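This briefing goes through one protein model by topic.

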Amino acid sequence: MKKLLAMILCLMLVLGMGVCAANAEEVAKGEPMHIIFFVGGDAGDSFASIVYKGAMVAAELLEPCNVTVDYVFSGWQTEKMVSQLREAIAMAPDAICMMGHAGDDALMGLAEEAKDAGILMMYQNVDVPAVRGEYGGGFVGLLSLEAQGIELANRCLADFDLKEGDRALVLGAWGQPGRYYREEGFAATLEAAGIICDRVVAPTEAATDPQVLLPTISAELETYTDLKLIQFTGSQTLDATSMYMEACGKKPGEVICVGYDTTETILKGFEDGWIQLTADQQPFLQGFMPVMSAYLTFNYQLSACTWDTGAGIVDTQNYQNVADLVTEGYR
């Protein structure tokens, strides 16, 4: 009961209900719990850093409950994630919070190993519904990546003067299972309105080195001088919008630039006119909630949490509403 009280106090603290952290520290520690948390990218990248912060806040709040969390960084490389998951299972933690980027097929066997070893599994950012259906586990992230892409595309059609025959560059993880549904939803929606979409692979390396993508964007703009719109894949490349456009000789707003996530650099892009729309997916929750859910399942056999973190569209009119939260690393 004392640990459950600590859990409630911690959640109340995070929700801003005025509970002093010292109250949680007065609660007895209870049975030790070890969690391994996969951050996805590298510690310094704009999206992973918010996921990391969410997990660290949860870990700090649960520290009085004798919970320790170790963090794994993968540079968004799916093969590396799979190898690291294999190593994590061998360490026999009580729970693993795993990025689902490798997809159902790659993770199915390892999920079975984890279940046989008594390791609880949570997944974040990219869902693995077949794995979860077979071996359990919750998911915190967008429950429908495709729906977010469709929503962003519909806003583009509503907000901008796009006409049949206009051309858009849609960057994405084409060919990677489970990774391109959002971008496909975006492209298919525009195509249904008569927009020509060039589906071009954004290499994984661009998440850590956005310069890698510059030749691709430059070539597209040189080939199609009337290109109207570019959809970037995530904050790491959307952050670099001004660099791409300036290198290609474009002025703010000359090409409509949209994408996903919110960072200080993206908000600056709104302010300076380089970026017009972004779809937020609340990465802080993708760090915080898997850790909390794993704790509740381990100690109280409560069902694993499934939480849709889709939060709508940020645009030139409302970006200032989230500016403080972005600066503080919560959005």
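R199 is partly exposed, because its relative accessibility is 33% and the class lies between buried, under 20% relative accessible area, and exposed, over 50% (1.4 Å probe, protein chains only). The side chain of R199 meets that of E191 in a salt bridge, with 2.7 Å from N to O. The model is predicted: local features need pLDDT of at least 70, side-chain atom pairs count only at pLDDT 80 or more, and totals for chains, interfaces and linings use all residues. Residues are numbered from 1 along each chain as its sequence is written, and side-chain values use heavy atoms, with hydrogens and water left out.

**Salt bridges**

- A salt bridge here is a side-chain nitrogen of Lys or Arg within 4 Å of a carboxyl oxygen of Asp or Glu, and the count by this rule comes to 11.
- E191, the partner of R199, is partly exposed with a relative accessible area of 33%.
- E254 and K250 form a salt bridge through their side chains, at 3.7 Å from N to O.
- E254 is partly exposed, with a relative accessible area of 42%, whereas K250 is buried at 17%.
- One network, joined by salt bridges that share partners, holds R155, D159 and D315.
- Within that network, R155 and D159 form a salt bridge whose closest N and O atoms are 2.8 Å apart.
- Both R155 and D159 belong to helix α7 (residues 145–159), where they are 4 residues apart, about one turn of the helix.
- R155 counts as partly exposed at 24% relative accessibility, and D159 is also partly exposed, with a relative accessible area of 39%.

- Where does K250 lie? K250 is in the loop between α11 (241–247) and β9 (256–260).
- Contact means heavy atoms within 4.5 Å; leaving out residues up to four places away in sequence, K250 touches L221, T225, M245, V255 and W274.
- One of these contacts is L221, which is 29 residues from K250 in sequence and 9.6 Å from it in space, C-alpha to C-alpha.

- S293 is part of helix α13 (residues 283–300).
- Is S293 buried or exposed? S293 counts as buried, at 5% relative accessibility.
- Apart from neighbours within four places in sequence, S293 is in contact with M122, S303, A304 and C305.

**Positive phi at asparagine**

- N66 is not a glycine, yet has a positive phi of about 70°.
- N66 sits in the loop between α3 (46–62) and β2 (67–72) and is partly exposed, with a relative accessible area of 23%.
- N125, not a glycine either, has a positive phi of about 75°.
- N125 is found in strand β4 (residues 120–125) and counts as buried at 8% relative accessibility.

**Fold and dimensions**

- How many helices and strands does the protein have? There are 14 helices and 12 strands, taken as DSSP runs and numbered from the N terminus (helices: H or I, at least four residues; strands: E, at least two).
- The radius of gyration is 21 Å, close to the 20 Å that the globule rule gives for 331 residues, so the protein is as compact as a globular protein of that length.
- That radius is taken over C-alpha atoms, and the globule rule is 2.2 Å times the number of residues to the power 0.38.
- The C-alpha trace spans about 65 × 45 × 30 Å along the principal axes.
- Of contacts between residues at least 6 apart in sequence, 74% join residues at least 24 apart.

**Surface and charge**

- Of the 331 residues, 53% count as buried.
- The accessible surface comes to about 13900 Å², with 51% of it belonging to carbon and sulfur atoms.
- These areas come from the Shrake-Rupley method with a 1.4 Å probe; for residues, only the protein chains shown count as cover.
- The protein has 19 positive and 45 negative charges, and their mean positions are 2 Å apart.
- Lys and Arg count as positive and Asp and Glu as negative, while His and the chain ends are not counted; each charge is placed at NZ of Lys, CZ of Arg, CG of Asp or CD of Glu.
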